Amino acid sequence: MLRQLLRPDWMLDCTLAELPLQELLDQQIRALVLDVDRTLLPRRQAVLPVSVLHWLQRAQQRMPIHLFSNNPSRKRVGAVAEQLNLPYTISAAKPRRRALRRVLAELKLPHHEVALIGDRLFTDVIAGNRLGLFTVLVKPIDPLGQPCQRDRLQKIELLLARRLGKTLG
């Protein structure tokens, strides 16, 4: 069971800003739930890198977006959401399902038409897979909007997943 929960539907060797939006649309994705820390911007920052801002603006024209973070800071996550007037959830407690179920109820879409995009296997991917969302694992972002070169956390999670016998894309 854990093995299936750890398998993202799509695993990319790039950041969110480089994710091909059209490919999500081709998968019949009609809404996005996005992790904030290290997916949209580095920790402790509140201003989106230009590349991420432009990607979000393009995506926002095509589908609803909801920011979804385990971070408890309403001030920080709210500041990020305010840049594009997006709804957001703080203290989401991923991989638990309660907060994500509320977001899905607001979106009023079948779960398989919603993508959860994040940088963590053990929070983002598991949370999305537990509810049947289309899960996308991206590389964490650095302060310049590029893939983080020294990311230990994602590397450890991928190693643990492999040890559990899960082959990832």
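This is a predicted model: local features need pLDDT of at least 70, side-chain atom pairs count only at pLDDT 80 or more; totals for chains, interfaces and linings use all residues.

User: What makes C14 buried and C148 partly exposed?

Analyst: Buried means under 20% relative accessible area, exposed over 50%, and partly exposed in between (1.4 Å probe, protein chains only). C14 has 12% relative accessibility, so it counts as buried. C148 has 27%, so it counts as partly exposed. As for its place, C148 lies in the loop between β6 (134-137) and α7 (152-163); helices (H or I, at least four residues) and strands (E, at least two) are DSSP runs, numbered from the N terminus.

User: Why is the contact of D13 and K139 called a salt bridge?

Analyst: The term needs a side-chain nitrogen of Lys or Arg within 4 Å of a carboxyl oxygen of Asp or Glu. In the D13 and K139 pair, N and O are 3.7 Å apart, and the side chains meet in a salt bridge. D13 lies in the loop between β1 (10-11) and α2 (21-26) and K139 in the loop between β6 and α7, so the pair ties together parts that are 126 residues apart in sequence. With 66% relative accessibility D13 counts as exposed, while K139, with 22%, counts as partly exposed. A search of the whole structure finds six salt bridges.

User: How do you know that K94 forms a salt bridge with D124, and why are K94 and D124 called buried?

Analyst: Their closest N and O atoms are 2.6 Å apart, which meets the cut-off for a salt bridge. K94 lies in the loop between β4 (88-89) and α5 and D124 in helix α6, so the pair ties together parts that are 30 residues apart in sequence. Salt bridges that share partners join D35, K94 and D124 into one network. K94 has 6% relative accessibility and so counts as buried; D124, with a relative accessible area of 1%, is buried too.

User: What makes α6 mostly covered?

Analyst: Eight of the 10 residues in α6 are buried, among them L121, V125 and I126. R130 also lies in this helix, which spans residues 121-130, but R130 has 31% relative accessibility, so it counts as partly exposed.

User: Which residues gather in the patch of positive charge?

Analyst: R96, R98, R101, R102 and R130 gather there, on the surface. Patches are made of residues with over 30% relative accessible area and no salt bridge, with like charges joined within 9 Å and nonpolar side chains (Val, Leu, Ile, Met, Phe, Trp, Tyr) within 5 Å. Helix α5 (residues 98-107) gives the largest share of the patch, three residues.

Key
Residues are numbered from 1 along each chain as its sequence is written. Side-chain values use heavy atoms; hydrogens and water are left out. Accessible areas come from the Shrake-Rupley method with a 1.4 Å probe; for residues, only the protein chains shown count as cover. Lys and Arg count as positive and Asp and Glu as negative; His and the chain ends are not counted. The place of a charge is taken as NZ of Lys, CZ of Arg, CG of Asp or CD of Glu.
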